[in-house]
Amino acid sequence: MMDNNLAKIVTLIPSATEIVAFLGQRKSIVGRSHECDYPNNLKNIAKLTSPKINVDGTSNEINKQINTILENSLSVYKVDIEKLKKLDPDFIITQAHCDVCAVSFSEVKNIVDKYFNKKTKIISLEPNTLDDVFNDIKRVAKNLNVENKANNKLIESLKIRLKKIKSLSSIQKQKPLVACIEWIDPLMIAGNWIPEMVNIAGGTNILGKSGGDSHWIKFEEILDQDPEIIIFIPCGFNIKKTEEELKNYIKKNNSIRLLKAYKNHKFFVADGNQFFNRPGPRLVESLEIFAEIIHPDIFNFKHKEEGWIKYND
């Protein structure tokens with residue numbers, strides 16, 4: 001094995017790229033997924049994946065395409081194996097969390113077993129909670145042999161920011177009911193680390209299962225709970241795309257106007273692509289966005305307009 005400081009790293013999911021860069025190893029990344037776009041200086045790094053679906057379609061169209069692929073036991077993404085072989089990485093960082101989010105772990109393992117010798121190590125991320133995310137960052141640091149005081153301090157600084165928000169929000173008397181929507185058509189409620197983040201930010205998460213998978217939901221279930229705030233954070237969608245999807249959904253489902261959150265202008269659209277759905281260091285910024293939305297009287301991290309907007313019909 002070559003010196004780990006010069007190790008060749010391939011990251012097949014955006015959160016992995018962000019974690020590696022956070023740990024000061026950005027220059028070691030030789031290959032990435034097509035979705036890896038942060039930090040901004042990644043353009044010259046080889047793209048190794050591409051989607052098999054039309055990602056510019058509507059929520060409903062994308063969902064149908066993905067279901068068709070998964071029903072046939074196929075992968076949603078294509079891996080450029082020839083390019084990957086030429087890179088001959090020491091580490092491939094992927095995930096075993098969701099076959100829709102990135103190349104499946106089993107496919108990566110099959111590729112490594114078939115084309116690479118034992119020197120190529122797979123690091124698989126599988127977070128369900130915030131603690132899992134912090135532990136993943138530590139585990140990546142350990143595997144890359146960059147577990148040191150500086151990086152431990154960086155990880156601790158994330159936790160300190162989280163604790164400050166929790167401390168301020170915990171003394172608030174009002175804990176509004178909050179629903180977080182991870183897909184619009186059909187409706188999916190956000191799970192995993194999102195419910196935990198809502199509660200830390202001073203809200204009362206509803207419908208989503210903390211530490212559990214995101215799941216499909218019927219509109220009637222939201223209507224029954226009638227949350228005070230609804231935050232739309234579709235996976236892979238930026239603010240503009242989400243805003244368009246939401247407008248179309250409201251046109252087709254007029255009963256959404258019966259919701260308390262809609263009547264009180266408490267619909268919010270956030271960047272689900274850059275934040276929330278990338279379980280890495282920037283989940284703390286995602287938490288800040290939640291805090292600004294839920295308790296605007298006490299939190300202002302200046303993410304408004306860039307990270308989130310209030311939805312207006």
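Me: What should be kept in mind about the model and its numbering?

Reply: Residues are numbered from 1 along each chain as its sequence is written, and side-chain values use heavy atoms, with hydrogens and water left out. This is a predicted model, in which local features need pLDDT of at least 70 and side-chain atom pairs count only at pLDDT 80 or more, while totals for chains, interfaces and linings use all residues.

Me: How many salt bridges are there?

Reply: A salt bridge is a side-chain nitrogen of Lys or Arg within 4 Å of a carboxyl oxygen of Asp or Glu, and by this rule the count comes to twelve. Among them, Lys-119 pairs with Asp-88, with the closest N and O atoms 3.8 Å apart. Helices (H or I, at least four residues) and strands (E, at least two) are DSSP runs numbered from the N terminus.

Me: Is Asp-90 buried or exposed?

Reply: Buried means under 20% relative accessible area, exposed over 50%, and partly exposed in between (1.4 Å probe, protein chains only). Asp-90, at 1%, is therefore buried, whereas Lys-119, at 29%, counts as partly exposed, as does Asp-88 at 28%.

Me: How are Arg-139 and Asp-136 placed in helix α5?

Reply: Arg-139 and Asp-136 are three residues apart in helix α5 (residues 130–143), so about one helical turn separates them. Their salt bridge has its closest N and O atoms 2.8 Å apart; Asp-136 is buried at 5%, while Arg-139 is partly exposed at 32%.

Me: What is the strand order of the open sheet?

Reply: Strands of a sheet pair through backbone hydrogen bonds, either parallel or antiparallel. Two strands count as paired if DSSP finds at least two bridges between them. Here five strands form an open sheet in the order β3-β2-β1-β6-β7, with parallel pairing. β3 (46–47) and β7 stand at the edges with a single partner strand each, so one side of each lacks a neighbour in the sheet.

Me: What joins β1 to β6?

Reply: Three bridges join strand β1 (residues 9–11) to β6, and the two run parallel; in β6, Phe-91 is the bridge partner of Ile-9.
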